[in-house]
Amino acid sequence: MPSTALAGIRVLDLSRVLAAPLATQLLADLGAEVIKVERPGTGDDSRTYGPPFAPGTDTAAFYLSCNRNKRSVTVNHATAEGQEVIRALAARSDVLVENFRTGTLAKYGLDAESLRELNPRLVYLSVTGFGQTGPYAGRPGYDGIFQAMSGMMSVSGHPDEPMKVGVSMVDILTGLYAATAVLAALRHRDATGEGQFIDLSLLDCGLASLSHFAMNYLVSGEVPARRGNGGYGGIPSQAFQCADKPLFLVAGNDKQFAAFCAAADRTDLLQDPRFATTSARIAHREEILPVLEAVMRTRTRDEWLAVLDEHDVPAGPFNEMPEVFADPQIRHREMLVEVDDPVAGRLPLLANPIRFAATPVERYAPPPALGEHTAEVLAEVAGLTEDQIRGLRGRGVV
């Protein structure tokens, strides 16, 4: 089997729900050993975020989405013995990831400063709603709140209605930022021998994700308008209703707009100075869009997709989930994988989209049952004996 990019890296995952577990899943996909620490009896809150649940189990699909390729250990961190177990695991880990509310783990001696005294090479990542500092640092929060506060909802939706992105987008983006931060910190550690603390805020990540929308405002002072399924790039760049179904069309530059006009038999539009250039079309958006909407209604969606493809104009259909997974490009890219789960049977999972030439992502172990690996991890990593593990279990520590 080919080597993996993060072979030899051990991650102690004290996180739950979505943003931080997505980050540790990504590290696990890349070859890191990830040990997920959960509460005895209940585990990660997201295990119960259903329905739907995996067939024959009480494990929610939500949990399955961000916990593959991990081993699950149960430890009660509120007990002195549980804290010692976590310290023993942290002392032998390269990375620790947690998303407790600011200050929570310090009460148990499991904060970055305490654990890095044991293991100076430890990269300690804390993911919180508002960060470790500032007037909101102690507040709780969830994805929708950060979509609202960061400005993401202010640029999403229709003019008369701000709208949340359907998926938990701030969580997902924060997970990507988190994994990137860990990789950079590991690179720094390899060069200096020192780990470090990483303070990552969902609100910060939500704002950073506004990218060119935020930059447009900072440069111009103009508040971005909500345009529904319309874009801010070249014109056209939005959804159009065809004779039967909608599609999404982007002609982002003058060459593509000329190709669109040829495909639509409307080369006359190129002679109109209001529409001849990208800047002109943006300036005359309200004049050209009704023309384009009328043109698009003259053919069916599939007719448009065929002719636009012939003219190399970017366009795509609006796919529901069954159509997504039936799409020949998605199937060719093998974005759906199936694994054998001891209870659920054949379990479908989304594949990792990264395609390495030398260190491919090939391992897809099913998300673990609660505490499935407690005994083996405590023996293998923490160095506990069978009697010690048995005693901890009897006292409700693990």
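Colleague: How is a pair of aromatic rings described?

Modeller: A pair is described by the distance of the ring centres and the angle of the planes. Rings of Phe, Tyr and Trp (its six-membered ring) pair if their centres lie within 6.5 Å; planes under 30 degrees apart are stacked, over 60 edge-to-face, and the rest tilted. The structure holds seven aromatic pairs. In one of them, the centres of Phe-130 and Tyr-136 are 5.6 Å apart and the planes stand at 80°, so this pair is edge-to-face. Phe-130 and Tyr-136 form one aromatic cluster with Phe-146.

Colleague: Is Phe-130 buried or exposed?

Modeller: Buried means under 20% relative accessible area, exposed over 50%, and partly exposed in between (1.4 Å probe, protein chains only). Phe-130, at 9%, is buried, whereas Tyr-136, at 34%, is partly exposed.

Colleague: Where is Arg-47 found, and which side chain does a polar contact join to that of Arg-47?

Modeller: Arg-47 lies in the loop between strand E2 (33–38) and helix H2 (61–64); helices (H or I, at least four residues) and strands (E, at least two) are DSSP runs, numbered from the N terminus. A polar contact is a pair of N or O atoms within 3.5 Å; within protein, one must be able to donate a hydrogen and the other to accept it, and residues adjacent in sequence count only if both atoms are side-chain atoms. The side chain of Arg-47 makes such a contact of 2.8 Å with the side chain of Glu-38.

Colleague: What conventions apply to residue numbers and to the predicted model?

Modeller: Residues are numbered from 1 along each chain as its sequence is written. Local features need pLDDT of at least 70, side-chain atom pairs count only at pLDDT 80 or more, and totals for chains, interfaces and linings use all residues, while side-chain values use heavy atoms, leaving out hydrogens and water.
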